[in-house]
Amino acid sequence: MLFSVALFLIAPILLLIPRPAKQSDPWSNLPTRPIHTNHADLIKGEFADGSAVTRRCLECHEDAAVQIMKTSHWTWESEPVSIMGHPKPVILGKKNAINNFCIGITSNWPPCTACHAGYGWADNSFDFGNHENVDCLVCHDGSGQYVKGNAGYPAEGVDLVAAARSVKIATRDNCGGCHFRGGGGDAVKHGDLDGSLYFPSERIDVHMGKHNFICTDCHVTRNHDIKGRSISVSFHAQNQVYCTDCHDKNLHADERITAHVSTVACQTCHIPEAALKEATKMHWDWSAAGQDLPEDTHEYLKIKGRFVYAKNIQPEYFWYNGSATHYILGDKIDPDEPTMLNPPNGDINDRNARIFPFKVHTAKQIFDAQYNYLLVPKTYGKGGFWTEFDWNQAAKLGSADTGLPYSGHFGFVSTVMFWPITHMVATKEKALQCIDCHSDTQKSRMDWTALGYDGDPMFRGGRKTSKL
Amino acid sequence: MKRYNLLFPVLLGAILFAQCLFAQPQSMHPAFPLLDGNGKNVLQSAQPVSTMLTCGNCHDTRYIESHSGHVAFGLFPLNTQDSTASPQHWNRTLYNLLTMNMKNPATGSVANQLMSYGARHVGGGMAVYSSTGQRLDNIPAQTDNPETSYWDMNAGQIAAWNWRESGVVEMNCFICHIPVIDNQARQAELAAGRFAWANTATLARAGIVNKTAVGFAYNKTSFLADGSVDPDKIRISDPGNDNCGSCHGIVHNAATDILISPGCNAAQWATETTGQIISPQKIAVSGMNLVNKNDLTRSWDIHAERLVECVDCHHSANNPAYYQESASSKPQHLNFDARKMSIQEYLYRPSHQFVRGQSWQLSTSTQTANTMRRCESCHNAESTHAWLPYKNRHFNALACESCHIPKLYSPTRRLVDWTVINDHGQPRTECRSIDGKFGSLSTPIYGYEPVLLGRIEPDGRQRLAPYNIISLWYWVHGAPEQPVTLAMLQQVYYPNGSPANNVLASLDANQNGALDDDELCLDTPAKIDLVANKLAALGLNSPRIKSVLAPFAIHHNVAGREWVTRNCESCHSNQSLITRPFLLANNYPHNVQPDLITTGILDMNGSLQSQEGGLVFKPSARAAGFYILGHDRVNGVQIAGAALFILVLLGISAHGLLRYIASRKLLKTKEKTKQVYMYTAYERIWHWLQALAIIGLIFTGLIIHSPSVFGVLSFSYAIYLHNVLALILLVNAFLSAFYHFASGKIKMFLPEPEGFFSQAIDQMLYYLSGIFKGAPHPFEKTHDKKLNPLQKLTYLVILNILLPVQIITGILIWGAQHWPTIAAKLGGLLFLVPFHSLVAWFFAAFLILHIYLTTTGHTATSSIKAMISGWEEIKKS
């Protein structure tokens with residue numbers, strides 16, 4: 001009886017004690033990094049070339065090559081996608097995509113494939129099935145002196161033994177060796193990926209700076225399948241990385257901010273600017289190339305043409321549902337209008353689309369003036385533009401490799417490319433404020449009418465409310 | 001490429017839009033010509049713009065001018081009454097007494113006022129009309145009329161002012177209604193006495209006029225072919241924050257430009273007097289040299305951050321979008337009156353009386369007091385304060401600003417000492433928030449916490465609200481007292497331009513031949529006498545120093561979320577921020593004490609104290625009628641209660657000791673005992689439950705009383721537990737009372753009428769002497785008669801008086817939240833809590849006495865064992 005009395009009295013007290021609400025911890029969603037195994041004593045002997053190292057790796061890591069060969073780091077292709085206007089499903093990838101930087105790798109393989117995760121892709125005849133062509137060291141080298149040269153071979157003077165002994169999981173320096181240097185140099189291409197991310201401060205990127213994340217903490221990798229893709233070389237968003245992989249979708253304490261989450265991408269508010277330390281290329285005029293003018297890597301080079309670089313760039317904002325419409329080799333263009341090479345899909349009525357920040361890169365590049373499609377010129381190698389400065393010949397030689405007929409008449413058209421900004425995330429205190437987008441006295445980052453709104457949604461209602 | 005068709009125009013448009021220059025929103029205001037004072041287009045006459053005639057073509061400018069607090073500011077008759085506002089009023093902060101007119105030194109010449117302080121006035125009113133209602137340029141100029149004369153600094157005498165030549169300052173529409181204003185050019189024209197051109201100069205930055213060597217020339221490219229101003233250049237609009245900031249304080253709207261300002265600057269009134277800065281920017285991003293700036297990730301002002309503009313709260317009184325009928329005239333049956341003034345009517349006659357709160361210093365527009373919405377008109381405090389215990393109690397005692405404006409981060413004025421002036425004719429000042437010389441961008445800024453003063457709010461309640469207090473010190477003379485003019489002070493301190501010798505010698509402590517800032521203080525009687533004598537020598541009757549405290553209410557720079565004062569112990573502890581001392585002055589004239597402020601709505605409850613040379617105000621919440629649990633205590637109650645407790649403790653210690661000593665001497669005889677079933681299960685349960693509850697209540701009560709000393713649990717948790725235990729006590733006591741009454745057992749508590757007193761005395765004698773001698777208990781305990789007379793008496797008092805009183809006062813203290821009027825009628829917390837504390841001391845004393853007395857059974861532990869098992873060992877009689 002005493003017990004029941006006690007229970008009767010104590011139970012209400014215990015029930016009424018307030019308990020703090022449980023919040024999901026983003027740290028709990030991080031992948032565990034594998035424990036490092038020191039290979040210094042395991043690897044012995046000399047290595048004649050990169051493939052010899054690969055053979056040694058495969059002695060223990062038997063499946064590694066097979067796994068790599070299934071991924072886009074090896075194939076430089078995505079899965080086939082049915083595209084309207086094309087009879088067969090289209091396979092798009094770095095192998096055959098056109099961009100408005102160096103344009104295309106076809107006919108120019110050696111310098112481009114220096115960033116291929118393999119050895120020897122010097123031309124069309126590269127054997128994608130040969131396990132020994134896989135380059136293990138580019139991602140796993142820990143010695144810091146492993147550099148790749150043309151066609152992906154290790155550069156002159158690289159100590160393969162030291163590299164092989166030093167292997168570890170890929171860290172920022174491994175990934176950055178290629179991904180920071182796209183487009184011909186550090187910081188040229190992406191805007192949000194450059195050498196400042198090797199040892200970033202908190203100001204540059206909160207994950208890589210403040211918390212020293214390595215790439216695979218977000219680009220989770222299982223059996224060499226690395227999560228993540230870019231609309232520069234893909235149509236769709238399969239196997240994509242999302243902020244919500246770690247972060248709670250509803251983590252903002254403020255109701256007003258929470259109301260933005262279904263319309264505005266995380267990146268929009270949390271990456272106010274890109275190219276924080278190094279200027280990035282914003283415009284590339286190929287048509288000016290070939291002249292004997294004073295040279296400067298940020299202004300003009302004879303082999304490449306005239307550029308515009310900018311630092312601390314404010315992104316431009318478009319609806320984006322994760323997929324893009326890509327220009328495919330041979331598609332007809334309108335030479336009087338700028339050609340969008342990879343416009344992001346999505347609009348105000350698309351439930352899956354969010355307003356997303358992009359670096360917009362414009363260029364003037366070569367096209368076939370008669371057939372009205374873009375051309376891939378040969379720039380590198382015998383007969384290429386970089387040696388002969390002859391566009392006609394470059395177009396002819398390039399077209400021979402791409403298989404596109406060349407009419408003999410070339411010209412230059414404006415093209416536009418969209419590069420999603422998703423790195424260089426600022427600390428939460430530096431996120432965009434209300435006044436950055438919703439002000440009528442200052443330059444707003446958003447062009448409301450262009451985005452499909454009637455006006456500032458603060459006063460007219462967002463896309464979910466009925467049209468006012 | 002068919003897929004692209006929809007995307008093309010949108011994206012292309014987006015690209016082009018984004019890449020072209022930002023197109024400012026077009027103003028809807030129609031194009032209009034600028035007219036001069038004669039009604040002619042200024043392009044022909046090259047005369048200054050007359051805003052009354054230009055804007056008066058479409059808007060009723062006469063109405064606007066006569067319905068504007070900004071204009072009326074200055075029209076009040078000159079006097080020396082309390083006001084730190086209008087330039088026409090005697091303003092102790094600015095010391096705008098420029099004339100040498102001995103007969104009526106409080107009168108400042110209008111021309112002088114406009115030249116010195118006209119920048120703070122929008123024009124119209126006193127800048128156009130005399131006190132008799134005539135235009136100033138129609139009155140014949142006379143040197144003895146302050147409205148048509150001025151003090152010529154160079155000549156050192158009063159001269160006539162030619163209003164025809166200088167022109168008057170009409171109400172300046174441009175300064176509020178154009179986004180790009182040139183306030184500097186306007187101020188330059190005012191300072192030079194070219195009043196007519198002041199309004200025109202405002203247009204210089206917009207490119208409508210250009211400053212030339214001889215004046216201003218109209219820029220033809222800013223005009224259309226038909227002679228009207230290009231609407232895209234002038235862009236008439238409603239006032240933005242920047243417009244208000246041109247006079248009222250620092251406003252920094254830009255998202256990206258960093259804010260840098262030294263603060264404590266007379267040109268930015270609101271910031272100078274309170275430290276408020278209106279900016280959406282995060283403090284951590286600003287350029288101010290703030291200590292620990294990186295941690296200050298809040299915005300300066302959360303309303304500015306959330307894009308609430310000045311005019312959203314301080315709107316025109318008859319703005320149809322915001323207008324609401326006052327509650328007193330609104331009929332009962334209406335929630336909302338849908339009838340609104342048409343926009344056309346409003347634009348023709350917009351009232352420029354802006355709704356406002358009840359800030360003390362703005363005494364010009366009395367009819368607009370309390371017309372503005374308060375916080376609760378927009379914010380739903382009920383839903384967002386679910387975490388706050390005793391919400392209503394807090395809302396009734398504290399203004400929203402008390403917790404939501406915890407700290408200001410800009411330097412602001414603390415003291416203005418006009419008793420001594422430097423060689424520029426400026427007073428010595430002290431600034432809050434900084435430690436050192438103000439005006440230098442490298443001075444570290446600490447920020448300051450405002451003082452909380454009791455203010456009577458519109459609903460009649462007195463609430464604590466944050467203020468800055470500026471102490472003002474100045475010389476007065478004569479009876480009725482009048483302030484000493486600046487010219488007099490200059491004659492005393494700097495006759496003929498250089499410092500007077502004996503004054504210099506007296507003040508120059510470090511003997512460097514010049515007066516440094518910290519030497520400019522009359523901090524000894526000798527210094528005061530020296531200056532007083534010199535003033536008397538100038539003909540002033542009994543010169544003396546007067547000091548006044550000027551409070552400035554703080555309503556802006558609200559912080560959000562984690563920056564708000566949320567910790568209970570911030571107020572409910574020893575170091576309560578409600579009674580935190582507030583520094584008024586570091587150095588001040590010797591022995592002069594300012595009066596505490598008492599006005600209609602604001603009372604400074606507390607005392608002035610001198611601490612290490614500085615003058616400090618120590619607020620007293622108790623004097624304001626608040627009793628703060630955990631902070632306040634009544635010393636009398638503490639002393640009385642503690643004394644009683646200690647007395648009892650000593651008594652039982654002595655008694656016990658004596659018993660112990662006595663027992664050793666006594667013969668240990670084996671007595672025959674029997675086990676009697678004394679206490680039923682229920683009696684034991686209710687006893688122990690009561691005991692635990694009381695012990696718990698005393699324990700948590702101690703924590704509530706002094707959370708700083710007994711902070712084992714947090715303050716709010718201690719209160720929560722205290723309430724739970726109190727409820728258990730109440731239910732337990734009630735059930736027990738019911739049981740005793742229903743079963744008839746109540747009889748054992750009632751004293752038997754016969755022989756009660758003699759038995760009581762017997763019992764007392766037993767305790768005082770018999771117990772030491774081993775005498776038998778005078779009272780035989782049975783199951784039905786358990787209580788001896790003394791016990792009956794004690795429990796009578798405890799159970800019928802002390803316990804009910806404690807419960808009732810406790811309920812009323814808790815009830816201050818739900819039934820504030822009932823609690824207030826019975827004295828409020830000020831009475832209830834000390835009383836509750838006193839009875840708590842009684843209970844504590846009873847507790848130890850009771851526990852001790854249980855040892856007086858057959859053996860020391862027999863009584864306690866009985867209360868546990870029910871069976872007591874009683875001597876067989």
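**Cores and chain A: what the terms rest on**

Me: What makes Leu453(B) a residue with contacts to Arg463(B) and Phe617(B)?
Reply: Contact means heavy atoms within 4.5 Å. Leaving out residues up to four places away in sequence, Leu453(B) touches Arg463(B), Leu464(B), Ala465(B), Tyr467(B), Ile469(B), Leu602(B), Asp603(B), Met604(B) and Phe617(B). This is a predicted model, where local features need pLDDT of at least 70, side-chain atom pairs count only at pLDDT 80 or more, and totals for chains, interfaces and linings use all residues. Residues are numbered from 1 along each chain as written, chains are lettered from A and ligands numbered from 1 in written order, and side-chain values use heavy atoms, without hydrogens and water.

Me: Why is the set around Leu453(B) and Trp475(B) called a nonpolar core?
Reply: A nonpolar core is a set of buried Ala, Val, Leu, Ile, Met, Phe, Trp, Tyr and Cys residues joined through side-chain atoms within 4.5 Å. Buried means under 20% relative accessible area (exposed is over 50%, partly exposed in between; 1.4 Å probe, protein chains only). The largest such core has 59 residues, and Leu453(B) and Trp475(B) are among those with the most contacts inside it. Its largest share, 9 residues, comes from strand β10 (residues 462-477) of chain B.

Me: Which residues does the second core include?
Reply: This separate core of 30 residues includes Val188(A), Leu375(A), Trp391(A) and Tyr406(A).

Me: How much of chain A is buried?
Reply: 47% of its 468 residues.

Me: What share of chain A contacts join residues at least 24 apart?
Reply: 69%, among contacts between residues at least 6 apart in sequence.

Definitions and conventions: Helix = DSSP H or I, 4+ residues; strand = E, 2+ residues; numbered from the N terminus.
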